[in-house]
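Work through the exercises below with the structure in view. Try each task before reading its solution.

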Amino acid sequence: MAAATPASSSSTVWKRSSFSNSPKLLSRFTVPFPHNPQKPTAGVISRRRPLQISNVLSAPREQVHPEEAFVSRFAADEPRKGCDVLVEALEREGVTDVFAYPGGASMEIHQALTRSKIIRNVLPRHEQGGVFAAEGYARASGLPGVCIATSGPGATNLVSGLADALLDSVPLVAITGQVPRRMIGTDAFQETPIVEVTRSITKHNYLVLDVEDIPRVVKEAFFIARSGRPGPVLIDVPKDIQQQMVVPNWNQPMRLAGYLSRLPRPPSAMLLEQIVRLVSESKRPVLYVGGGCLNSSEELRRFVELTGIPVASTLMGLGSYPCSDEEFALQMLGMHGTVYANYAVDKSDLLLAFGVRFDDRVTGKLEAFASRAKIVHIDIDSAEIGKNKQPHVSICADMKLALQGLNLILEDMLKEGKNNVDFSAWRQELKEQKMNFPLSFKTFEDAIPPQYAIQVLDELTGGNAIISTGVGQHQMWAAQFYKYNKPRQWLTSGGLGAMGFGLPAAIGAAVARPDAVVVDIDGDGSFIMNVQELATIRVENLPVKIMLLNNQHLGMVVQWEDRFYKSNRAHTYLGNPSKESEIFPDMLKFAEACDIPAARVTKKDDLRAAIQKMLDTPGPYLLDVIVPHQEHVLPMIPSGGAFKDVITEGDGRIKY
């Protein structure tokens, strides 16, 4: 699952002649830096490379993208500290915002940041807040997020964020300070071998042992982070390297021959034509789209327009196709997906798996998943193809190029009068499923159903807000009841399921997209894990709205206790047992401590006005929405189950 572009180490041509002449496809066949760099010149002005997610390589001397002149604040032959080289390297990558928390081993980097006129540091109150904010920035913008931490505990506090970015294919560059080189391996104060700690949860990592390597290492780190299947890259910089004086060589070539050779090529026209043939032969096709389609939303919409195939999205793929499209959108599939999306996959005869990884929360029992269908799998990561489910046709390529190629074939067929597929009867069958099994909820007296709160937020924001979440029931309800119509509106920890993600991710989104309405839909359990970031929101005056669905419990674990453990509560109550009638902790006091306006709403009739006030209040705002803990996220396919096992009724008020 990825959101980037495939590559070839040489110029590429399509097998079909009409493709090879298409400027639309070839325009992205470039990498945003020279392949044969010239020797450094004495001039002060060098080149600033455009920051974009791309990894398709052109012919060695071809440069399609215009470059902007980068003016260094140092003379070309002027020695400067390694930390200043590092900061300028970030500037040359187009970085304008970082999330950095200082410490002894990273102080030099922070001193250098104060000398930068380009980069703003948004100071988190915990390194985990910093890395999650960098993720939110990357998810909302599509650009690599950057976080910086000190050695030892500062670096280890980044671990959850790095693992999260790897699982969800988020481009991230994490920079850590390290003890001086001579002290590495001596168990020095705040020494942790962070390269070894993070080796299996990063796409790549570096320990810089030569100050002259900094320009090349940073260039490589950003290229690796955003190319192919995006992911996190860590750069560990010893303190003495940060302090060492050097005249940098900005024109060092990257040393990534092996990596470049493994990047996927453009898709074969023969395989694309085979997919189109399978579509024309099918009666009940379904699109199963994931995070790999986030950068190809326009092409996906065009593909649906040309074929009329209904679309089911994974948790990560929400927004790649408009959820409000009643004709084609089936919403989310999987464990807590809609009945009609799961029905469509179960009854399909052709499953088009685009930018997905057949995650267990989608497939349930693998043998029963799409058991009647021929499977087409397109993904940028060859490791995902055939890993969980064996496809009948597979292409390792960038989704954007694959969809462009498919659309070209379909458009040619349309011109020739050959594109006569009609799946209206299949869509009508699915509409009947929508009528019979809509997403729904019950209301009990004046209590606020959490699903209703999200519905109202969707209405009042016109479905246009950027939504971040923590992890749990509120996350699933936000996926079900908010209609995402554009990519990068939906920021959630999918693969790792990291509680505490919502608030700092909203910070990153607000920094990346200052024009957008950003709402953190959070649960009380997740929210309190990074509650300290309220201070960052206040100090930076970020207009982050927090809609807290507060049920005083770890809701998702409670739901499983209700369903599978006879409602035996095993440490899932988050309130004060001696004062169960009171809301504990008082979230409004956290907001008050950080000078953030806040309110609490307990009755359904008061909810709409309370949400409207939250949205109308300038700057940050916290709305504590008290909801019943007995609510269950439905539908639900039990872990390891199949579509036939779907649960559509019941809640915590019933004994099982």
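Predicted model: local features only at pLDDT ≥ 70, side-chain atom pairs only at ≥ 80, totals over all residues.

Residues are numbered from 1 along each chain as its sequence is written, and side-chain values use heavy atoms, with hydrogens and water left out.

**Exercise 1.** Find how strand 11 is covered and which strands it pairs with.

Solution. Start with the terms: strands (E, at least two residues) and helices (H or I, at least four residues) are DSSP runs, numbered from the N terminus. Buried means under 20% relative accessible area, exposed over 50%, and partly exposed in between (1.4 Å probe, protein chains only).

Step 1: strand 11 spans residues 285–289, and five of its five residues are buried. On one side these are P285, L287 and V289; on the other, V286 and Y288.

Step 2: look for pairing, which requires at least two DSSP bridges between two strands. Strand 11 runs parallel to strand 14 (residues 350–354), with five bridges, and parallel to strand 12 (residues 311–313), with three. Y288 has A353 as its bridge partner in strand 14 and stands opposite A312 in strand 12.

Step 3: follow the chain from strand 11 through helix 13 (residues 297–307) to strand 12; this β-α-β crossover is right-handed. Right-handed means that, with the strands pointing away from the viewer, the path from the first strand over the helix to the second runs clockwise.

**Exercise 2.** Locate the largest nonpolar core.

Solution. A nonpolar core is a set of buried Ala, Val, Leu, Ile, Met, Phe, Trp, Tyr and Cys residues joined through side-chain atoms within 4.5 Å.

Step 1: the largest one has 93 residues, and L287, L351, L352, F354, L457 and M547 have the most contacts inside it. Helix 16 (residues 399–415) gives the largest share, seven residues.

Step 2: domain 2 (269–437) and domain 3 (450–633) both contribute residues, so this core lies between them. The domain bounds come from an automatic or database domain assignment.

**Exercise 3.** Is Q331 buried or exposed, and what does its side chain reach?

Solution. Step 1: Q331 lies in strand 13 (residues 329–332). Q331 counts as buried because its relative accessibility is 10%.

Step 1: the side chain of Q331 reaches the backbone oxygen of C323 at 3.0 Å.

Definitions and conventions
Polar contact = N/O pair within 3.5 Å; in protein donor to acceptor, adjacent residues only side chain to side chain.
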